[in-house]
Amino acid sequence: LLRHEVLCRDQVDETLCNRQDCTWLDTHLECTALSRCFNKFNLPVKSSLDYDEILSNVLQTAEKFLTDLISSHPVKAQIVLDLQFYHDSYEGREFASKIFRSIMEPLLIGDDLLKYLNRARTYLKSQIENYERHGSGWQFLELNNAWLEASKYSPLSGSGAVSIPKLVKNMKSVLNITAPDNKCFLYCLLAKLFPVSKHPERYTKYLEHVNAIQFGDTTFPVKLADIKKLESL
C-alpha cells in the first residue's frame with residue numbers, strides 16, 4: 001500500500017518500477033557489478049545517530065551520481081541502506097542489521113530528480129519507522145553502508161526510427177514520421193489534424209503547426225506514463 005501511495009502521488013507508472021528492460025551501464029563512475037545488469041555505486045557518508053540526517057546525506061550523495069548517469073541515458077535506480085539496530089533484553093544487548101530499499105524506478109533524461117529523491121526519502125523513512133515500531137523493540141544505532149543500484153534502461157517510447165513491414169507500407173494507411181528532435185509523437189498528431197497530400201512522412205510538413213498542440217511540461221521523447229497526462233491537456 002505504501003509503495004502504491006508514494007508512486008501515485010507523483011503519477012509514476014508502477015508497472016515500470018521493476019528490473020526489466022535493463023542493460024549494462026557504460027559509465028566513468030567507480031562502481032562494482034551486480035547481477036542482472038546492475039551496477040553498485042557506494043554512497044560514502046558520515047554515520048550519525050539520527051537516521052533523518054543519514055537519509056539527507058545519502059540522498060544528497062546519490063543525487064550527484066544520478067545527475068551524471070541520466071545526463072547521457074535513461075536508468076533504473078534504487079537506493080539501498082544497510083542499518084544497524086539494537087535492543088536490550090534480559091540476556092543483554094543484541095544487535096542486528098537490516099537492509100532497506102527504495103522503490104526501483106525508471107529515470108529518463110529530463111525527469112525531475114528531486115521528486116524521485118523525495119519519494120525515496122518517504123519510502124525509506126516509512127520502512128525504518130515501521131521496523132522500529134513493529135520489530136520487537138529494535139532501535140536504530142548506526143549506518144553500516146549505503147549504495148545506489150543502477151542500470152541502463154531502454155524504455156518503450158516514441159523515439160527512434162523503425163521500419164514498417166512492406167505489407168503495411170504498401171497499404172498506404174500508416175505514416176512513419178521520423179525527426180531529429182525526437183518529437184515524432186507530436187508530428188504524428190499534427191499529421192492527423194493537418195493532413196498533407198505530398199510526402200506526409202516528412203516532419204518538415206508540420207513545423208508551421210507545432211504550436212497547435214500544447215504539451216505543457218512534457219519532455220520528448222514522450223514516455224508511456226505521459227500519455228494520460230497529455231490526454232487531459
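A pocket is an open set of points on a 1 Å grid over the protein atoms alone, where a 1.4 Å probe fits, with protein on both sides within 12 Å along at least five of seven lines; lining residues have an atom within 4 Å of a point. A volume is the space filled by probe spheres set on the points. The model is predicted: local features need pLDDT of at least 70, side-chain atom pairs count only at pLDDT 80 or more, and totals for chains, interfaces and linings use all residues. Residues are numbered from 1 along each chain, and side-chain values use heavy atoms, without hydrogens and water.

**Stop one: a pocket.** Select Ile-164, Lys-169, Lys-172, Ser-173, Val-174, Leu-175, Asn-176, Pro-200 and Glu-201, which line the second largest pocket. About 250 Å³ of space lies in this pocket.

**Stop two: α1 and α3.** Select residues 2–9 (helix α1) and 113–134 (helix α3), whose axes come within 10 Å and cross at roughly 165 degrees. Therefore α1 is roughly antiparallel to α3 (an angle over 145 degrees counts as such). Helices here are DSSP runs of H or I, at least four residues, and axes are lines fitted to C-alpha atoms over the stretch in contact, with angles from 0 to 180 degrees between N-to-C directions. Now show Leu-2, Arg-3, Val-6 and Arg-9 of α1 with Arg-119, Thr-122, Tyr-123 and Ser-126 of α3, which make the contact (heavy atoms within 4.5 Å).

Note on methods. Helices (H or I, at least four residues) and strands (E, at least two) are DSSP runs, numbered from the N terminus. Angles under 35 degrees count as roughly parallel, over 145 as roughly antiparallel, 65 to 115 as roughly perpendicular and the rest as oblique.
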